[in-house]
Number of protein chains: 2
Amino acid sequence: MDLDLAKRLAQPANTKIVLCVLDGLGGLARQETLRSELEGADIPNLDRLAARSEVGLTVPVGPGITPGSGPGHLALFGYDPYRFDIGRGVLEATGIDFDLGPDDVAARGNFCTLDAEGNVTDRRAGRVSTEVSAGLVDRLRGIRLPGAEVLVEPVREHRFVLVLRGKDLGDNVSSTDPQHTGVPPLPATAGDEASARTAVLVNDFVSQATALLRDQHQANGLMLRGFARYPHLPQFPEIWGLRAAALAVYPMYRGLAKLAGMQPLPCPGGLLEQIDTARRRWQDFDFFFIHYKKTDAAGEDGDFERKAHALEEFDQHVPAILGLGADVLIVAGDHATPALMAAHSWHPVPFLLRSAFCREGNALHFNEQECLKGSLGVFPAIDVMPLAMAHALRLQKYGA
Amino acid sequence: MDLDLAKRLAQPANTKIVLCVLDGLGGLARQETLRSELEGADIPNLDRLAARSEVGLTVPVGPGITPGSGPGHLALFGYDPYRFDIGRGVLEATGIDFDLGPDDVAARGNFCTLDAEGNVTDRRAGRVSTEVSAGLVDRLRGIRLPGAEVLVEPVREHRFVLVLRGKDLGDNVSSTDPQHTGVPPLPATAGDEASARTAVLVNDFVSQATALLRDQHQANGLMLRGFARYPHLPQFPEIWGLRAAALAVYPMYRGLAKLAGMQPLPCPGGLLEQIDTARRRWQDFDFFFIHYKKTDAAGEDGDFERKAHALEEFDQHVPAILGLGADVLIVAGDHATPALMAAHSWHPVPFLLRSAFCREGNALHFNEQECLKGSLGVFPAIDVMPLAMAHALRLQKYGA
């Protein structure tokens, strides 16, 4: 749904919507058992819920497109992931809970190893330890640039985040990563006029940094990529008229939700704490985004059994989630992460929506095969929010 | 299908298309029986027909969007309901068989009750009787405005239609309905330059009208909203190359069809007369739109049994409709009206298309669950006309 239309049709109501995102939810069947992770898992609560829900499968971005975490979530929040692009730098900053502002350009940084000629010999600096990396980041904080503040934060191992803060910075700046060893890092170049000064600042930063790292054996160089400005997303609460809370363990998902204008409520304790927080703050919000990471983590590790267990763990919390008493309860995924592939994938993702206005009874279980029988069919993830709003009786009639 | 492409591909043929629109066709299952109106109704003819047809479910406007009658029908006629918008005033005028022209701006009027300070105390003037309302409308006909003819027609109870007829009128005029009691009606304001003079005329009308209604207790004020110009729809017969007849009991549906360029043939007697008229005029037209209202009326009243009976009544006429011998017979709905909700809804609408070129055999019955199994799946209502044309062998090959 066009966001302007959404804004026009949204109407106030007292209904509550809970969106549970099981990261990397969908999977693929193993040849040994011909069962997917969902089919192999013992998930009686989700199965029962599916039988009483409208079910289907979401296409996160487009057919054949494997989404990153950004587009996968944006689509579920109702944003066209082709139109609203969250750059790598912003996502990296978001992932460490860095509070990006409107004057910021963020980039992902890698320490690398350079030889005497300045050619890259290891693009990851031997995966230098997080501790060493943090010390080097501290050195880089001493760098001064004309007209822009320099902020550097460690991430993990060889990775860090660079944020330039200043007026009139652009983010159309090329990567300095040559993608190969045996050649020097590339100079940053500007792709448009608005980014010309930024590219100069970036090259200035790199040359000062290389001087500061000269005494290092492993991490004596660096590369920057994914330059991205703070994205001006239309704000979720204004579009849909929903006071929205984001309940997530990992900062990246809280950060993504925050970029959309949701209020992050940190829940380091996991599902139990997330559900409990939703219960305590029930009157303060209309929309609750609950993020569950373990499914994706196990899928990325290619661990079929652990992914099935993660699904079972979520399943055990379903009664408590139902106990919240939402008018619309959704269980969805931002993308599939089949353990068989040990990676995100493009496959459509099982989906269920429970409300008092469901066409139910199509699926007996919550899995890839049964959801295919559902009344929602295979549909774009960007349609999830309009459906949620409709079932919450929060959309006016269109036209007379 | 893009209408220019439709015009390019349409080719002449001797085939006939009958489009039956069961208003508010789709529904929801009651918890007591787990059956929807269609599932509960005894509709052997529709069931048999569905088994020999291509079936699916139409999405009238978009996922989660509950359509009004205008967009619901426009989509079935092949018009993008986002692009072609029929305003409330035009629909209201159409609904009383008012013959709108290209120089007209129509608005929906409500009589209301004002207190001594001019504040609204009842936005519907106590639902004053249609007879009293008609007398007051007669008074308003005496109002004269500079450069525009004033036409006023009663509708029902407190409702009436105002039409301003004149050159260069605009319809971007704000509602005068304050939506609350305890405050005076709002002045009309123009949203663009082209509507500035129209807003002045509207305020002039309101002030003259208020003077004329001063002696009334209940209906001593009025409010105007839904200002809309006569919509210039590309004409259906020119797009599709079809001589099209509209067979409808209610003027609003004849009016909608007329705006699209179909020829309305009034059939106050209902289905029997509609089918009979189609039979008598069979040679004069290629396309017959048959509108059936009772399903929606019962749904809007929240009367599950009456809606099921309305479906059964339609079902009894199916043999006669088949007897017409159309090459393409379609049974569709403009939107769902679940008795459970007593309102239009966003749910996809059961659909069947019978021709000699069907992929049939997917559904055993004509209802929400069985149509889901069909070869057409869940698809946009705007695709109905291209499908009808194709099955009527009225579309040329695309490309070489």
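A residue is called buried if 20 or more other C-beta atoms lie within 10 Å of its own, exposed if 12 or fewer, and partly exposed in between, with C-beta atoms placed from the backbone. Helices (H or I, at least four residues) and strands (E, at least two) are DSSP runs numbered from the N terminus. This is a predicted model, in which local features need pLDDT of at least 70 and side-chain atom pairs count only at pLDDT 80 or more, while totals for chains, interfaces and linings use all residues. Residues are numbered from 1 along each chain as its sequence is written, and chains are lettered from A and ligands numbered from 1 in the order in which they are written.

**Helix α14 of chain B**

Select residues 384-391 of chain B, helix α14, where 6 of the 8 residues are buried. These are Val384(B), Met385(B), Leu387(B), Ala388(B), Met389(B) and His391(B). The elements of chain B that cover them include β1 (17-22), β2 (54-59), α4 (69-76), α8 (236-240), β11 (328-332) and β12 (349-354). After α14(B) comes Leu393(B), with a positive phi near 55°.

**Where the chains meet**

Next, display both chains. Contact here means C-beta atoms, placed from the backbone, within 7 Å. By this criterion, 18 residues of chain A are in contact with 27 residues of chain B. On the side of chain A that touches chain B, α14(A) gives the largest share, 4 residues.

**The nonpolar core**

Now select Phe289(A) and Phe289(B), the residues with the most contacts inside the largest nonpolar core, which has 257 residues. Such a core is a set of buried Ala, Val, Leu, Ile, Met, Phe, Trp, Tyr and Cys residues joined through C-beta atoms within 7 Å. Among the residues that Phe289(B) touches, leaving aside those up to four places away in sequence, are Leu19(B), Val21(B), Leu247(B) and Met262(B).

**Two loop residues**

Which residue other than glycine has a positive phi near 60°? Select Asp168(A) to see it. Asp168(A) lies in the loop between β6 (159-165) and α7 (196-212) of chain A, and counts as exposed because it has 11 C-beta neighbours inside 10 Å.

Finally, move to Gln179(B), a non-glycine residue with a positive phi of about 70°. Gln179(B) lies in the loop between β6 (159-165) and α7 (196-212) of chain B, and its 11 C-beta neighbours inside 10 Å make it exposed.

Notes
Two residues are in contact if their C-beta atoms, placed from the backbone, lie within 7 Å.
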